[in-house]
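This report is an introduction for a reader who has not seen the structure before.

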Amino acid sequence: MQARWGTHGDHPMIVLCPASVQESFTLTIQAFNLSERFRTPVVLLSEEIIGHSRERVVLPDLSEIKIINRKKPPAGLDRYCPYQADADGVPPMANFGEGYRYHVTGLIHDESGGPTTDPKKAESLINRLNNKIMDHLDEITMTESLMTEDAEIIIFAYGATARSAKSAVKKAREMGIKAGLFRPLTIWPFPAKEVAALCARANAIIVPELNLGQLIGEVERVAGLDTRVTGINRVSGEMIRPDEILDAIKTEVKVKKHAK
Amino acid sequence: MQNSVEKYLRTEKLPHIWCAGCGNGIVLGAMVRAFEKMGCNQNNTVIVSGIGCSSRAAGYMDFNTLHTTHGRALAFATGIKMAKPGIDVFVIMGDGDAASIGGNHLIHAARRNIDLTAIIFNNQIYGMTGGQYSPLTPPGSIATTAPYHTIERNFDLPELARVAGATYVARGTTYHAAMLTNLITAGAAHKGFSLIEVVTACPVSFGRRNKMGSAYDMLMWQKEQAVSVKKAKSMTPEEMQGKFVIGELYKGAAPEYTEVYDRLIEKAQGKSEEE
């Protein structure tokens, strides 16, 4: 939540959440690529467990890594407007020292980069910043689904907790329970479209989180009243274990039977 | 202002936002005169600023200008200099910005002796936010956050920078404007971390509460309290009470950070055996 709403002003934020050391590596590259593509900060949101993990990491050959660099303005323009966007909402960005002199500020600014208090320009800037992200969710949203196609009970989990959830889902399937795992790698913008699709099929969504319930609010917002959403929360400094998630899955099975 | 320095200004952005009597315009004037004197290449120069009245100066100058977050100007500037050591980087900060919020960035930029020229507008107060006392507000001053008076001792910023490792340290005032241009020019020419503190007046948020009179009176206060390096040597501590020294306070030599870093890169790439 701090990654999303941590500063003043209304602005979009891309936040990526790795579930392994390997993914910390690959998502770091993705984070830079998204940042360069959309000219925006990207947060790679790790947690204590992933941050302290030591795991095998396979580093790909440099030639296999896809690198996106920012688009730059053509040379020789009479006047370069550093915040005048192309059709995709992203303005070409010149580097300092390459000939186009301009001003960068955290204040509300116009297309020239200079500060402004003009309400129309302020509104246009904030809308552009949001739209350039919200119009390109297909390029930004990364998710992973495990056995969700026919699942009646979905575990929505991110970060290290998703690994416990994966184990729980496999055990539930062995017991004949139709459980599935949905893991957002991009947690902001929240993958609302994907979660809505899950809710259309599943009866219940379980959201295990290592906090008192943060992203569950987004899940509830998308799920509405037709899908049961329950949390498993822990703030003791320990992980949520697979058997605890499995217990929650079993509880949902009972709830469903009872409802019948 | 003479036409010769106008090319360093974004005249379309003027008039500036500063209050009548503010000294910031004098510092801005000294900066552009220094640029003129140095024959500055605007495309190859970056001016970074923090937050506060002083930091708005960056936007009025026709360079690559970067108005950053509070206290972090030196962090941004360090990044720019590391990425492109060939670029000349000037950093504008206020006293609160540089000494309080950015205090750690300041001592570590000095310790690294990275080739930046930091110009600190010391008006002894957080002016833009309404007159809260800063680490450079003298003890016994009145501020909105010290209605009875401040009880904290103030930093001697040039002294702090010197002991932290800066290799060029100076102090000027907005009264001694010609000297200020020279100090900025010398600081820019110096290889390594240069800090120039500029004592400037904030008649609205500092002077008014502390009964210092008009903007003119505050300039005269600078004239009376400032003592040159040469003269200070012959004065006793009692005579120096309440006064401050202006001029070039320290000039030393130490390895410059980006040069040392370049050598390290060469070594890591096996191009050089040099330690």
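In which loop of chain B does B:Lys211 lie? B:Lys211 lies in the loop between α8 (203-207) and α9 (215-225) of chain B. Helices (H or I, at least four residues) and strands (E, at least two) are DSSP runs, numbered from the N terminus.

This is a predicted model, in which local features need pLDDT of at least 70 and side-chain atom pairs count only at pLDDT 80 or more, while totals for chains, interfaces and linings use all residues. Residues are numbered from 1 along each chain as its sequence is written, and chains are lettered from A and ligands numbered from 1 in the order in which they are written.

**Chain A**

Chain A has nine helices and nine strands. Its C-alpha trace spans about 70 × 45 × 35 Å along the principal axes. Of the 260 residues of chain A, 33% count as buried. A residue is buried if 20 or more other C-beta atoms lie within 10 Å of its own, exposed if 12 or fewer, and partly exposed in between, with C-beta atoms placed from the backbone. Two residues are in contact if their C-beta atoms, placed in that way, lie within 7 Å. Among contacts in chain A between residues at least 6 apart in sequence, 67% join residues at least 24 apart.

An open sheet in chain A is formed by five strands in the order β4-β6-β5-β8-β9, with mixed pairing. Its edge strands are β4 (143-146) and β9 (228-233) of chain A, each pairing on one side only. Two strands pair if DSSP finds at least two bridges between them. On average, neighbouring strands of this sheet are turned by 20° against each other, direction ignored. Axes are lines fitted to C-alpha atoms, for helices over the stretch in contact, and angles run from 0 to 180 degrees between N-to-C directions. Strand β8 (residues 204-209) of chain A runs parallel to β9(A), and six bridges join them; A:Val207 has A:Gly231 as its bridge partner in β9(A). Helix α6 (residues 161-174) of chain A lies across β4, β5 (153-156), β6 (179-184) and β8 of chain A, at about 160° to β6(A).

Helix α7 (residues 192-201) and helix α8 (residues 216-223) of chain A pack with their axes 9 Å apart, at an angle of about 60°. That angle makes α7(A) oblique to α8(A); angles under 35 degrees count as roughly parallel, over 145 as roughly antiparallel, 65 to 115 as roughly perpendicular and the rest as oblique. On the side of α7(A), the contact is made by A:Ala192, A:Val195, A:Ala196 and A:Cys199, and on the side of α8(A) by A:Val219, A:Val222 and A:Ala223. The residues of this contact divide into seven nonpolar, no polar and no charged. Ala, Val, Leu, Ile, Met, Phe, Trp, Tyr, Cys and Pro count as nonpolar, Asp, Glu, Lys and Arg as charged, and the others, Gly among them, as polar.

**Chain B and the interface**

Five of the five residues of strand β1 (residues 45-49) of chain B are buried, so β1(B) is largely enclosed by the rest of the structure. Strand β3 (residues 88-94) of chain B is also largely enclosed, because six of its seven residues are buried.

| Strands | Bridges |
|---|---|
| β1(B) and β3(B) | five |
| β1(B) and β2(B) | four |
| β3(B) and β4(B) | five |

B:Val48 stands opposite B:Val91 in β3(B), and B:Ile47 has B:Thr65 as its bridge partner in β2(B).

Eleven residues of chain A are in contact with 16 residues of chain B. On the chain A side, these residues divide into four nonpolar, six polar and one charged. Strand β3 (residues 103-105) of chain A pairs with strand β2 (residues 64-67) of chain B in the parallel sense over three bridges. In that pairing, A:His103 stands opposite B:Thr65.

**Backbone exceptions**

Most residues other than glycine have a negative phi, and most peptide bonds are trans. B:Lys211 has a positive phi of about 50°, and with 8 C-beta neighbours inside 10 Å it counts as exposed. The peptide bond from A:Trp188 to A:Pro189 is cis, with omega near -5°.
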